[in-house]
Amino acid sequence: MEKYTGKSVLKGIAIGRIYWYQKQEYQVAQTKVQDTGAEKKRFAQAVETAQGQLSALYEEALVRAGEDHAMIFDIHKMMLEDDDYLDAVNHVLEEGFNAEYAVEMAQNQFAELFAAMDDEYMRARVADIKDISRRVIRILAGIPEDGILADEPVIVAADDLTPSETVKMDKNKILAFVTARGSSNSHTAILARSMNLPALVNTGLEAGESLNGKIGVVDGFHGEFLVEPEPELLDQMIHRKNQWVADLEALEQLKGKDNAASDGRRIDIFANIGKVEDAEAALEADAGGIGLFRSEFLYLGRDSFPTEEEQFSSYKAVLEKMGDKKVIIRTLDIGADKKVDYFCLEEEENPALGYRAIRICLDRPEIFITQLRAIFRASVYGRAAIMFPMIVSVNEIRRIKEIVGQVKKALSQEGYPIKEVELGIMIETPAAALISDRLAREVDFFSIGTNDLTQYTLAVDRQNQKLESTCDTHHPAILKLIQMTVENAHRAGIWAGICGELAADTDLTETFLSMGVDELSVSPSSVLKVRKAVRDL
Ligand code: PEP
Ligand code: MG
């Protein structure tokens, strides 16, 4: 047996086969070839193979999802037959370069062309060009398809996972995550938590592909990952897993109950989500609403900006699903660890202190406006609220409100019905907490983002696994800033909640209640645990 220890992200136990997730990132080498004719033939064969794969995908999608969804594979086949595209590849081949490089050059040329077009539909085709080109490059280079190739749900082990990789994974195929690197406050960890999967990060795992197919046990209670445990230990772990499942079932009894302590103090418990499908888990956990919809996840794991229509249908789906429960949509928080190629952001020395979140939105209002239009259009389908991340000044809020006003006016003129929505901000910088008295006069609510507030207050990079053990999440400075924020909110007659990971820390539940925090927003898997903590007071 091999045993690894790491930082646990979710207390739970998973037992199953291990799947080593191989990164799909690859660099296309530029080489000169001797025989251009042979290279052209290699390219033609790769296109033929790609066409075959696309036909098979079309048939599969037709059966599973219907004609509308299958159509995209037909479009991809047509794009691969397009003379301009093939000419662009052949042109580079004729200069004596290898086929992988020629396809990449054609891809870049067409992606740039489409990205610069005024037409939204054509801009969205950038993703398709990249998709078909990558398919051909993968075939040429003999790289397997992206995704998890397993017949049964598996424990996904990896060196590290980015938020984009995690968001693309099919939850039904995963029992748990184990990574060699990473910190428990990273967005990858947050995603694992929101998927309600046991996960360990920073295990120092080195075995790589040799783990494939072996039996593994992820023990999120002790932060341990066991590979091929002896039968006796495996039996013990199966027993503990059953116990854990039984405890979870006991929590189910709390569904429908109020979040009230015996002395009558109560608090709202909402859920954090990152994807439309997570709304189901929030309802299933009996959350009072969605306290944080991390909308940037709609932008991750893809090759081009989500269109207004795409975003509209995502927000509408969540609002409809949640019915009369409030859904707080946080506008785009891209940057730092949430990287998206098509934003073409420059490399920065200190990305967490850099060009991210509301700073990008105010600097590139066309991106912000598309998102706000989608949210306001969807607002009539439920109880939407909007909040803005990474605020540091009153001035930012004034500029946001100006843009919001323009968006509402334009939509009304275009004949769209819209509803009034609450506008709030995240308090996740020490600056915002310190001037929360002034900020409170400008907005309808505060939501305290303790993940970033901790990072910026204690000068501890939330991504840095080395600092994790020394980072005191209960530091008096953090608690003081939370208290100050809540008091200033109440003085101005608005409410204040917490949506960072600290909200689920049941050692602080009593403290938060005493401070008068109005709402805690936690991952769906923590809703009932926090309700129990409140009711046990
Ligand atoms: C936070 O910073 O606490 C927060 C909720 O936002 P995110 O974790 O997405 O940065
Ligand atoms: Mg944050």
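1. Helix 17 passes helix 18 in a right-handed crossing, a crossing being right-handed if the near helix is turned clockwise from the far one by less than a right angle, and left-handed if anticlockwise. The model is predicted, so local features need pLDDT of at least 70 and side-chain atom pairs count only at pLDDT 80 or more, while totals for chains, interfaces and linings use all residues. Residues are numbered from 1 along each chain as its sequence is written, chains are lettered from A and ligands numbered from 1 in the order in which they are written, and side-chain values use heavy atoms, with hydrogens and water left out.

2. Helices (H or I, at least four residues) and strands (E, at least two) are DSSP runs numbered from the N terminus. Axes are lines fitted to C-alpha atoms, for helices over the stretch in contact, and angles run from 0 to 180 degrees between N-to-C directions.

3. On the helix 17 side, Thr-450, Leu-453, Thr-454, Thr-457 and Leu-458 meet Ala-477, Ile-478, Leu-481 and Ile-482 of helix 18, where contact means heavy atoms within 4.5 Å. The residues of this contact between helix 17 and helix 18 comprise 6 nonpolar, 3 polar and no charged. In this division Ala, Val, Leu, Ile, Met, Phe, Trp, Tyr, Cys and Pro count as nonpolar, Asp, Glu, Lys and Arg as charged, and the others, Gly among them, as polar.

4. The magnesium ion (ligand 2) has Glu-428 (OE) and Asp-452 (OD) as its protein donors, at 2.0 to 2.1 Å. The pair links distant parts of the chain, 24 residues apart: Asp-452 belongs to helix 17, and Glu-428 to the loop between strand 13 (422-427) and helix 15 (430-434). Donors are N, O and S atoms within 2.8 Å of the metal (3.2 Å for Na, K and Ca), and water is not among the atoms, so sites may look incomplete. Glu-428 is buried at a relative accessible area of 2%, and Asp-452 is buried at 3%; buried means under 20% relative accessible area, exposed over 50%, and partly exposed in between (1.4 Å probe, protein chains only).

5. Helix 4 (residues 99-115) and helix 6 (residues 126-141) have axes that come within 9 Å and cross at roughly 175 degrees. Helix 4 is thus roughly antiparallel to helix 6. Among the residues making the contact are Val-103, Phe-110 and Phe-114 of helix 4, and Ile-129, Ile-137 and Leu-140 of helix 6. The residues of the contact of helix 4 with helix 6 divide into 12 nonpolar, 2 polar and 4 charged.

6. For helix 11 (residues 308-322) and helix 13 (residues 365-378), the axes come within 8 Å and cross at roughly 40 degrees. Helix 11 and helix 13 are therefore oblique to each other, and their crossing is right-handed. The residues that meet include Phe-312, Tyr-315 and Leu-319 in helix 11, and Arg-373, Ala-374 and Arg-377 in helix 13. The contact of helix 11 with helix 13 divides into 6 nonpolar, 3 polar and 5 charged residues.

7. Helix 8 (residues 187-194) is mostly covered, with 8 of its 8 residues buried. His-187 and Arg-193 are among the buried residues of helix 8. Just after helix 8, Asn-196 takes a positive phi of about 60 degrees.

8. Met-390 has a phi near 60 degrees, a positive value in a residue other than glycine. Met-390 is found in the loop between strand 12 (383-388) and helix 14 (394-413) and is buried, at 1% relative accessibility. Asp-333 touches Met-390, as well as Glu-296, Lys-338, Arg-356, Ala-357 and Pro-389, not counting residues up to four places away in sequence. Asp-333 is placed in the loop between strand 11 (326-330) and helix 12 (358-363), and is buried with a relative accessible area of 1%.

9. Ile-267 lies in the loop between helix 9 (231-251) and strand 9 (268-273) and is buried, its relative accessible area being 0%. Leaving aside neighbours within four places in sequence, the contacts of Ile-267 include Asn-259, Leu-513, Val-517 and Val-534.

Conventions:
Parallel < 35°, antiparallel > 145°, perpendicular 65-115°, else oblique.
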